[in-house]
Amino acid sequence: MTDHPIPAGSDLEIDTLAALQDKEPPKEPRSQWKDVWDQFKHHKGALFGGGFLIFITLAVLLGPYIWTLDPQKLDIRNKDMRPIYTALWDSTAKVGWGNPLGTDNLGRDMLANLIAGGRASMAVGWAAMVLALVIGTLVGVVSGYFKKADFWLMRFTDLVLSLPILPLLLVAVTLFREPLRANFGPEGGMFILIVSVIGLTSWMQTARIVRGDILALKEREFILAARSIGTTSGAIIRRHLLPNVVSPIMVSATLGLATAIITESALSFLGVGFPSDFPTWGKLLADSVQRMEQYPERVILPGILISLTVLGVNYLGDGLRDALDPRIRGR
Amino acid sequence: MLTFTIRRLILSIPTLLFISLVIFLLLQLAPGDPMAQVPLTVPPEVKEKMREALGLGQPIHIQYLKWIIQFFWIEPQVLVDHWFGTSFAEGKQRVISWQTRSPVMDIVVQRIPQTLWVVGLSYVVGILIALPIGIYSAYRQYSVFDQTGTFITMIGFSIPPFFTGPLLIVLFSVQLGWLPSIYDTTHVVTDWESFKVQFMQMVMPVMVLALQTTAQLSRYMRSSMLDNLGQDYVRTARAKGLKEGVVVMVHVLRNSMIPVITVIALGVPAIFGGAIITENVFKVNGIGQLLLTALFANDIPMVMTLTFIFAILIVLFNLIADVLYGVLDPRIRYD
């Protein structure tokens, strides 16, 4: 227990006090985040999900530097190439190492398109998720902390929750496409539009969860103590409340990322997403549905990427929820 | 309970008014011009008259008020006339579609059965699959069945319907040739043969939608069963010698169903929304597909009415869920 040699002839009383003579703690102090990581490690699905998310993020970020083919380059001689693996069962298939995942009907390289599409999908997903989190946290904290704002903000949240989201998204995107395109260019305008409509329609769950936690937290003694030494409301929220609601926010962040990616793909699939020369996974999938009998891989590859990313994010959220909950942790 | 229901009903009126205002303003702010398709040779004063004929000459608040009156006062009258053969709505202005110049509600009524068949059936199928899976995986927690079940529901959660749809079409329509890929809404069931055709064409859209329902519901069912299986009353029931089947299927299941039923009620509007994509994939001409075509054709009255119908569904089923929760669980008292 201790490095000190126990003096000879020590009786029982000194022995019980031995622990008190430790110069330093016998074990390294454990931080909260180390505990969280220890619990998180046990969730195999979450590890896999997190790993896949990191992998796909790196792949779409660094991909264009490794696979330098321009996704928009038309190569009409090499159109309709099949992926390289089709050669395994079909020796007559038109394959080539120049385009390992094949090309589309205009000869654009599929791998380069998937990387570019992944960039767009992930960018939309992350941006919309961050926007939704910021709004949700803001509404949640304000309505949880300030009693006067609570009633009206929560009624407003309830009202927004009862809006029909998908129809409204469709309406908003089709109707505001033109002016935003005129102001910010075809890609920039669509990006702003899609991110803001998804963000503005998915903050409600976060707001409710954060509000509930803040309501419980602000009655605790440490908040009373902070207030008694004259801490301002802003400082209480920043220093004491926000760090304590990080875990529910992180869990809803993962769910938000998953829904944002799916919603963007759904909008692209319904034909109201990005312009056709700007690939996203949903767009690639939607464009190839017409010819999926001859070229099923053009539907399956982006579809698998969307599904695996969302699956990974969902598993990550599951693991985070377990790891961040101190009641479950350590079991 | 009755007072609670009445209060919620009254509260839902301002909610619906707010939603209708949001939808209306959104459509008003939109830059689309219904006159854009009119040839340039039409003189401006004629164009102005056409505009007024569409009800566009009035200020915004008058337009909103008129729409409210048309939707909440005249359309129900038309319905009453249709049912009882009266003539309340005779000669009154209804909500007119800009695409077809016919009343919006008539088209909606034509389209709703297709949506209801596919969506309703898929929901029932989804529930019927989800409940047993949820019950069994909770009863054998952490067993192989539970682990696979959790994994499959996670996949069902994550694979979007616009991917499963084409995937099933490639597999069953193209490769195997078992099922038709396009839903034929003109098909009439008269005998066994035509019923088989109808059944075949419904299998895929129903299963795609049901997968989403199953994934969500079985997770709820499982966690609700787990909450109840550890309760004292379960031990009591076992201790007094009840059979295991009775304990699980009667005592535990009945208590676990309370939250699940509200989730089922809350999920109905969402599945109508999700049907927009599925209808698009399988070419079902239901109200989701109607909404899409109306959007692309800039048919604002149609879009407005359909979006509002979705909103009414959400508000209605939220209300039903709240009331059901109070009715089923005697511990819940609203006052």
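This is a predicted model: local features need pLDDT of at least 70, side-chain atom pairs count only at pLDDT 80 or more; totals for chains, interfaces and linings use all residues.

Residues are numbered from 1 along each chain as its sequence is written, while chains are lettered from A and ligands numbered from 1 in the order in which they are written.

**Exercise 1.** Work out how many helices and strands chain B has.

*Solution.* Start with the rule: helices (H or I, at least four residues) and strands (E, at least two) are DSSP runs, numbered from the N terminus. Counting in this way gives chain B 11 helices and 0 strands.

**Exercise 2.** Decide whether Val60(A) is buried or exposed, and list its contacts beyond four places in sequence.

*Solution.* First, find Val60(A) in helix α3 (residues 44-66) of chain A. Next, recall that a residue is buried if 20 or more other C-beta atoms, placed from the backbone, lie within 10 Å of its own, exposed if 12 or fewer, and partly exposed in between. Val60(A) is buried because it has 21 C-beta neighbours inside 10 Å. Finally, contact means C-beta atoms within 7 Å; Val60(A) has such contacts with Ile115(A), Gly118(A), Arg119(A) and Met122(A).

**Exercise 3.** Find which element of chain A gives the largest share of the side that touches chain B.

*Solution.* Begin with the totals: 34 residues of chain A are in contact with 37 residues of chain B. Then pick out the elements giving two or more residues on the chain A side: α6 (165-184), α11 (246-269) and α13 (297-324). The largest share, 12 residues, comes from α6(A).

Conventions:
Two residues are in contact if their C-beta atoms, placed from the backbone, lie within 7 Å.
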